[in-house]
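The following questions and answers concern one protein structure. Please consult the sequence and coordinates alongside them.

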Amino acid sequence: MAKYNIACSCGHVETVQIYGKASDREKEIARREKGVCKECWQAAQAEAAQETTQTFNLVQLEGSEKQISWAENIRAKIFDRYGNQLKAVTDEKTKNFVAFLMSQTSAKYWIDRRDATIRGLAQEWAKEISESQKPL
């Protein structure tokens with residue numbers, strides 16, 4: 001275990017702790033020198049999430065600054081991957097599901113479902129809809 005100052009390709013120097021054998025550490029240093037620092041990577045992720053938010057006209061999220069940042073990245077991954085397919089749907093049920101997803105303002109909603117698939121989200125939504133329509 002040792003700390004290394006690594007000059008990243010973005011021009012920043014980042015201090016990182018790397019574990020393992022010396023040969024493995026050298027490989028990790030070489031890999032990190034080819035990439036950008038954590039700060040630049042996070043900025044790029046935030047910018048990409050903002051572009052997705054604008055592209056799909058998604059609502060502003062609510063929560064703490066840290067929650068919003070995390071949730072925007074989660075939501076952006078889903079809409080980057082499935083958004084164009086979801087926008088092209090024609091059946092009413094799927095349109096309602098898409099509208100539901102696009103209207104989610106809680107950062108917590110997205111964080112709690114960070115590992116969910118689009119199929120899992122749709123099943124959860126359908127279950128909630130069917131339960132809300134049951135007679136009391």
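Rings of Phe, Tyr and Trp (its six-membered ring) pair if their centres lie within 6.5 Å; planes under 30 degrees apart count as stacked, over 60 as edge-to-face and the rest as tilted. This is a predicted model, in which local features need pLDDT of at least 70 and side-chain atom pairs count only at pLDDT 80 or more, while totals for chains, interfaces and linings use all residues. Residues are numbered from 1 along each chain as its sequence is written, and side-chain values use heavy atoms, with hydrogens and water left out.

Q: Which residues do ring pairs link into a cluster?
A: The structure holds five aromatic pairs. In one of them, F56 and F79 lie 5.6 Å centre to centre with 45° between the planes, a tilted arrangement. The cluster linked by ring pairs consists of F56, F79, F100, Y109 and W110.

Q: How many residues apart in sequence are the parts that the pair of F56 and F79 ties together?
A: F56 is buried (under 20% relative accessible area, with a 1.4 Å probe and protein chains only; exposed is over 50%, partly exposed in between), at 8%. F79 is buried as well, at 2%. F56 lies in the loop between α2 (38-55) and α3 (65-87), and F79 in helix α3, so the pair joins parts whose separation in sequence is 23 residues.

Q: With which side chain does the side chain of R25 make a polar contact?
A: R25 is buried yet has no salt bridge, a term that requires a side-chain nitrogen of Lys or Arg within 4 Å of a carboxyl oxygen of Asp or Glu. The nearest side chain of opposite charge, E26, is 6.1 Å away. A polar contact is a pair of N or O atoms within 3.5 Å, one able to donate a hydrogen and the other to accept it within protein; residues adjacent in sequence count only if both atoms are side-chain atoms. At 3.0 Å, the partner of R25 is the side chain of Y4.

Key
Lys and Arg count as positive and Asp and Glu as negative; His and the chain ends are not counted. Helices (H or I, at least four residues) and strands (E, at least two) are DSSP runs, numbered from the N terminus.
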